[in-house]
Protein chains: 2
Amino acid sequence: MRLIRKKNKDVEQDKPGRKPAVSEQELMEAAVRLVDSTRSVSSLSLREIAREAGIAPNSFYRHFRDVDELAVALIDRAGRGLRGTIREARQRLKSDRGGVRSSVEVFMEALDDDQKYLKILLREISIGSDAFRNAVDRELNYFEEELNDELLRVVEATGQQIHQPRVVAKAITRLVFTLGASAANMNMQQRSDLTEETVTMVRMIIVGANIIAKRK
Amino acid sequence: MRLIRKKNKDVEQDKPGRKPAVSEQELMEAAVRLVDSTRSVSSLSLREIAREAGIAPNSFYRHFRDVDELAVALIDRAGRGLRGTIREARQRLKSDRGGVRSSVEVFMEALDDDQKYLKILLREISIGSDAFRNAVDRELNYFEEELNDELLRVVEATGQQIHQPRVVAKAITRLVFTLGASAANMNMQQRSDLTEETVTMVRMIIVGANIIAKRK
DNA sequence: CACTTGTCAATACATATGTATATACAGATG
DNA sequence: CATCTGTATATACATATGTATTGACAAGTG
């Protein structure tokens, strides 16, 4: 009857009431397990997820209002993982040699860790509810911001000019994400080829932005 | 009982049997009508589409084996429209001034014609059945091929060098498609800003590929 | 004309889905 | 201890879905 949903932080576990049989985390993992190359998160039914998690259908409501809300939580989770990935990519970008390749590689590798979260994020960019798309957009913009900062830092440090760093950041972000998404279901050889191509693309953009800036 | 599905080409309409109440074309249009920013083609149910088209659920089988097959037909249709768009973009690319901008604009404009077909193609890249994804992939590759040819032609005609034209074509294709997809639900101002950005990106790639080729 | 063939609609069924309702249990609080 | 509260389950219902079966109808063919 009561429709209020509990946001049970693990901190405040000394409240009255029965302990949850599953955590939100476990529900999310159950959903991830059901997602494959054919099925998207938003296509999962509440009952399916509950079944996979081993709880009664109705118990789902104790954790999320509906499947979409779970999906958004998944994206947030993916975003957190992604930020770690970005941080590592930036580290490598700063180190002397092969910065671009190395940071693209970090991204591609991240497709396999993080319990598929990143993979899911990439696959669901274009679909799902509005809430879902917004969540994904937030993460994309975050990536873009970071990259933009990095570019500005390079500009300042090396005196190298870059034409419209914001646009450069956007181009690189979209490219890497798009190609990353298609890499999700590739074998190692294909993926390494794709990584190589991606590196070339990113270099072209950077070099191009550099030249265009100089011409002005 | 008989499960054979008729591929009724409009040519051979002098066969026995009752005339179809709806054509495959009309079924596809019904499906398109049901697709909006939230719902993907693959999420439509057979009954929904039949309802929208005004036929009995079972009559659907006279035209397509299942919804996926309809979806693939949609993509093929979108591909045909896209090829026209590409042709026009190439025309403009060849003309002297503002070739890049003009051809990006063609693409963006195409989002509104074609009865949403292109929009749908863009949105469903990452989801749907394997057959569906393959159909989309075919169209992407086609675009890439065309662009590659065009680049090679430019190389030959102007003596301008281009580093790895194949990769350049891929980068541009993916970028334009990705950004085009996000443009689908934008207002005019946003879209024109995005067009501008896309043009800049494409130029950066071309300039970059040019410079890199010269360096070697 | 009778006959064949492709298409349609109507009915029906097994299954799935989201969720309302009611009830049972566990643990903290008084 | 009794009470309260958050959580979980079971049952149930209205609705939706894919499709099997059946029979009607239309348009050609002999």
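The chat below goes through the chains, their contacts and a few residues.

Q: What kind of model is this, and how are things numbered?
A: This is a predicted model, in which local features need pLDDT of at least 70 and side-chain atom pairs count only at pLDDT 80 or more, while totals for chains, interfaces and linings use all residues. Residues are numbered from 1 along each chain as its sequence is written, and chains are lettered from A and ligands numbered from 1 in the order in which they are written.

Q: How many helices and strands are in chain A?
A: Chain A has 8 helices and 0 strands. Helices (H or I, at least four residues) and strands (E, at least two) are DSSP runs, numbered from the N terminus.

Q: How much of chain A is buried?
A: Of its 216 residues, 37% count as buried. A residue is buried if 20 or more other C-beta atoms lie within 10 Å of its own, exposed if 12 or fewer, and partly exposed in between, with C-beta atoms placed from the backbone.

Q: OK, chain B. How do α7(B) and α8(B) pack?
A: Helix α7 (residues 165-183) of chain B and helix α8 (residues 188-215) of chain B pack at about 170°, with their axes 10 Å apart. Axes are lines fitted to C-alpha atoms, for helices over the stretch in contact, and angles run from 0 to 180 degrees between N-to-C directions. The two helices, α7(B) and α8(B), are therefore roughly antiparallel. Angles under 35 degrees count as roughly parallel, over 145 as roughly antiparallel, 65 to 115 as roughly perpendicular and the rest as oblique.

Q: Which residues meet there?
A: From α7(B) they include V168(B), L175(B) and L179(B), and from α8(B) they include L194(B), M201(B) and I205(B). Two residues are in contact if their C-beta atoms, placed from the backbone, lie within 7 Å. The residues of this contact divide into 13 nonpolar, 1 polar and 1 charged. Ala, Val, Leu, Ile, Met, Phe, Trp, Tyr, Cys and Pro count as nonpolar, Asp, Glu, Lys and Arg as charged, and the others, Gly among them, as polar.

Q: And how does α8 of chain A sit against α7(B)?
A: Those two helices pack at about 80°, with their axes 10 Å apart. That makes α8(A) roughly perpendicular to α7(B). Among the residues in the contact are M201(A) and M204(A) of α8(A), and V167(B) and V168(B) of α7(B).

Q: How many residues of each chain are in contact?
A: There are 30 residues of chain B in contact with 29 residues of chain A. On the chain B side, α8(B) gives the most, with 11 residues. That side divides into 15 nonpolar, 9 polar and 6 charged residues.

Q: New topic. Where is E24(B), and what is it in contact with?
A: E24(B) is found in helix α1 (residues 24-34) of chain B. Leaving aside neighbours within four places in sequence, E24(B) is in contact with H63(B) and A73(B). E24(B) and H63(B) are 39 residues apart in sequence and 5.9 Å apart in space, C-alpha to C-alpha.

Q: Why does E24(B) count as partly exposed?
A: Because E24(B) has 18 C-beta neighbours inside 10 Å.
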